[in-house]
Amino acid sequence: MQALTSPGSLVTIAGAALTVIGSIAYATDSPNLSLAGVFYGVPVLLGGLALKSSELPPAQRLTPASQYKELRQQEANEPLRKLLGDVTRWRYGQKAHLESSLEALKLWDDDAPPQLLSIAELEQNGGYGLRLRFSTGAVPYDQWEARQDRLGRFFGPGLQAELSRLGGDQIQLSLLPAAATPETTPNV
């Protein structure tokens, strides 16, 4: 259902509907509908098909949007909130989510780039974090591990990155708040 409601799909469906209506109107000798349908329908249909050809679906969101809403809305969590919003929307003209970030971190391969598969929100030490699951493509795990310290700092201040292998070519990157100091640790 998600693929059917993508912007590219909606534009394609609208263009196809206008084209069909215009063609039927032309065949039934109804000039007002045929002119608008054909002249607007075909370009809209072609535009929708162009969007569909360069479409990148959102990463699978494993945590319900309402679960960590208050924690996510805190000002200190803005970098992670933006990251979450960026990877959970439709993208066009890109090979993978976080393409420019992974290129800057030197975790990119043009032929087989890493693909973000899913994202989950979590709470640790009273702070907000994200857990991202990647298919590494042609980028070896050792290369990710060598940049582990930089990964946390890259995505936001006060974050630390934890990497783990999941099997095959999949890894898990957790962006977590730095360990809470004794004064800020909540009483549980």
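Which elements are included in what covers the buried residues of α7? In this predicted model, local features need pLDDT of at least 70 and side-chain atom pairs count only at pLDDT 80 or more, while totals for chains, interfaces and linings use all residues. Residues are numbered from 1 along each chain as its sequence is written, and side-chain values use heavy atoms, with hydrogens and water left out.

Helix α7 spans residues 148-155, and its buried residues are L151, G152 and F155. They lie on the same side of α7 because they cover an arc of only 95° around the axis, the arc being that of the directions from the helix axis to the C-beta atoms. Buried here means under 20% relative accessible area, exposed over 50%, and partly exposed in between, with a 1.4 Å probe and protein chains only. The exposed residues D149 and R153 sit on the face turned away from the buried side of α7. The cover over the buried residues includes α4, α5 (99-104), α6 (141-146), β6 (159-167) and β7 (170-177), where contact means heavy atoms within 4.5 Å; helices (H or I, at least four residues) and strands (E, at least two) are DSSP runs numbered from the N terminus.

Helix α1, residues 7-27, has 21 residues and reaches 30 Å from its first C-alpha to its last, close to the 30 Å expected at 1.5 Å a residue, a span defined as 1.5 Å times one less than the number of residues. Its buried residues are G8, S9, T12, G15, T19, G22 and A25, and α1 is followed by D29, whose phi is positive, near 60°.
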